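Welcome, and thanks for taking a look at this one with us. Here is a short briefing to read alongside the coordinates, grouped by topic.

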Amino acid sequence: MGKDSVQKPDQGRGRDVGGLLAAGLVGAIGLFFTLGALNYDLGTARRMGPGYYPLLMGAACLVVSLLILLPALRRPATRVIFEAKPALMVAAGIAAFAVAIPRFGLVPAVFLAAAISALGHEKTGLLDTILLAAFLSAGAWLIFIVGLGLPLPVVKGLW
Amino acid sequence: MLENIVLGFSVAVSATNLSFCFIGVLLGMFIGVLPGIGPLAATSLLLPVTFYLEPSTALIMLAGVYYGAEYGGSTASILLNLPGTPANAVACLDGYPMSKQGRAGVALMMTTIGSFVGGSIGIVVLMALTPAVVAFAKAIGPTDYFAVMLFGLLAAATIGQGSPARGIAMVVIGVLLGSIGADMNSGTIRYGLGIPELFDGLHLVVLAMGLFGVSEVIASITTADRQAFQSSVSLRSMIPTRDDMRRSVFPILRGTAVGSFFGPLPGTGPSIAAFMSYALEKRVARDPSRFGQGAIEGVSAPESANNAAAQTAFVPTLAMGIPGSPTMAIMLGAMMIHGIQAGPLMMTEHPDVFWGVVASFWIGNLMLLVLNIPLIGIWVRILQIPYRLLYPSILCLICIGVYSTNSSAFDVWMVLFFGLVGYLFKILDLEPAPLLLGFILGPLMEEHLRRALLLSRGDFLVFFEQPISGTLIVVTVGLVLWAVTIQIRRFMDPVRPGSEEAVLGETPER
């Protein structure tokens, strides 16, 4: 997206963790799909089976992971910055929505999702969170139920 | 041609289509103004909303979102030096200095005018080129089609920002994700993992929202602390001087030409067009030193290029069914969801949709022009909302949007999963956008490969024997080799930044 990468160069000794992890992740995905493809009928070139194409692409994925690995082996160190708190709170917020909406309806789900994810930002206090969540759940009701007429349960148990 | 245009406008000016075009442009601009969210994320976000609409209305609205978001990104660039997307980064170069000189209004106005001219001429190019490309597409067979798609895919992966090898990785992963689900030919369920919801494959909306929406939000929470734009922009301050107008005439025309050239090419799009246009203007300017200090040409030309490229990018998408960029992939995906097969047959089978959409481009561009003038104040005010209040709204929008497509909580869990995966990709410098392109093109490519091999009785050499396919395959292999060489070179000499990165504007590999 044009933002600076969250990796920072480090002049000291150490490894290009970012590159190694990237290679590892891509390789793992490639391995998963390649091995999986072997479960299906490969067929022949003339009559491609369901496994043919995924096998081809999975193998390509493995090759590319090696390509990424190469420079990472020699590169100077980088640090990979993983922001745990935002990631966790956003994930928890979405999880709350997924759990809440079939059981409790739209309004509670939006309230929970907004509140929990808002807490992921350092500067957001409790009052801000509650106000925002209330505003968003009311807005969601207005826009999606009243305005667009989506067939979603509003608050289970009430209507 | 004339009856087609008439048909198009008759479709486009229906009350429904007009209102949804308006809504699309408005929402697009609004979302495009938000930091970190560009046309790609904006179109993904609003995709679920279009499910309840007719195909032509849906496409008209999505197209409106698309160029609305392109435009919104420029506004953020000029006022805050915060590009919404790489394409708008160019607007910062001279737009932000102009803003600091108190000429923000003029910069925004010239952006609007430049975008309108660029877009309008781009539409003309679109209308002229499409029939020719359609004729071409009808003449080629699966072998060539596969080669074109492969080339487009790898061009998009390697050209542009980020290391080419990582780009290829993402594209391949996208293709692999696309193979999940029931195989059309044999009915075998691939990679279903015993989960019934996966039997139909991953849903485009889920993938896009997770990889773009959620991961972007997670990444931006800590980085999007920005200075608010303090002063307001009055209507009067937006009027450009005669000098500004005079200086911008040729840059706008040149920018449009650059944009119309790069738009249809796979792998390139509005971003590259904008950068190239800026470079061109600087090269031909009488006094290049003005660039970077607030030269009006540095704003109007790239914006024309940007918008012209955005319009002409539809040429391969509509005429051949081959998206040249991830955003076009979303458009194509949207069409598929509505049961429209984009490609050479679209003009004959769904001429009302095709020409209706093209006509709506005119209307949308006009709306952009008209809407911007009164709404600048609102955009400025939006930019002043702290991000910590905005992002929960974005997340809720994503959740509601995804849930409402199938009333499936599983889809929401998938968004969570892909959101985390997408965030992981981001911090490892793996750009998620090419993945989407691979996801859409992958299954299409498989079909063409299958047909090509069937016809050639399993002979792979056929790809080299046919002239069009042969040339493209050679070029594609060239691109891949280039990526490989870069990686090998970095392996051999890890410390010195390669000169290729400087040319592409990439940050040197660490």
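## Where the two chains meet

Asp128(A) and Arg388(B) join their side chains in a salt bridge, with 3.0 Å from N to O. Please keep in mind that this is a predicted model.

**The contact in numbers**

- Between chain B and chain A the count is 1 salt bridge.
- Polar contacts link 12 residue pairs between chain B and chain A, counting pairs in which both residues have pLDDT 80 or more.
- Sorted by class, the side of chain B that touches chain A holds 48 nonpolar, 16 polar and 16 charged residues.
- Chain B puts 80 residues into the contact, and chain A puts in 78 residues.
- About 7,200 Å² is buried between chain B and chain A, and carbon and sulfur atoms give 75% of that area.

**Around Thr129(A)**

- You will find Thr129(A) in helix H5 of chain A, which covers residues 126–147.
- Thr129(A) has a relative accessible area of 3%, so it counts as buried, the cut-off being under 20%.
- Leaving aside residues up to four places away in sequence, Thr129(A) touches Ala115(A), Ala118(A), Leu119(A) and Thr124(A).

- As background, most residues other than glycine have a negative phi.
- Tyr191(B) is not a glycine, yet its phi is positive, near 55°.
- Tyr191(B) sits in the loop between strand S2 (189–190) and helix H9 (204–223) of chain B.
- Leu193(B), also not a glycine, has a positive phi of about 55°.
- Leu193(B) is placed in the loop between S2 and H9 of chain B.
- Are these residues buried or exposed? Tyr191(B) is buried, because its relative accessible area is 4%, whereas Leu193(B) counts as exposed because its relative accessibility is 59%.

Terms used. Residues are numbered from 1 along each chain as its sequence is written. Chains are lettered from A and ligands numbered from 1 in the order in which they are written. This is a predicted model: local features need pLDDT of at least 70, side-chain atom pairs count only at pLDDT 80 or more; totals for chains, interfaces and linings use all residues. Side-chain values use heavy atoms; hydrogens and water are left out. Helices (H or I, at least four residues) and strands (E, at least two) are DSSP runs, numbered from the N terminus. Buried means under 20% relative accessible area, exposed over 50%, partly exposed in between (1.4 Å probe, protein chains only). Contact means heavy atoms within 4.5 Å. Buried area is the accessible area (1.4 Å probe) that two parts lose on being put together, summed over both. A salt bridge is a side-chain nitrogen of Lys or Arg within 4 Å of a carboxyl oxygen of Asp or Glu. A polar contact is a pair of N or O atoms within 3.5 Å; within protein, one must be able to donate a hydrogen and the other to accept it, and residues adjacent in sequence count only if both atoms are side-chain atoms. Ala, Val, Leu, Ile, Met, Phe, Trp, Tyr, Cys and Pro count as nonpolar, Asp, Glu, Lys and Arg as charged, and the others, Gly among them, as polar.
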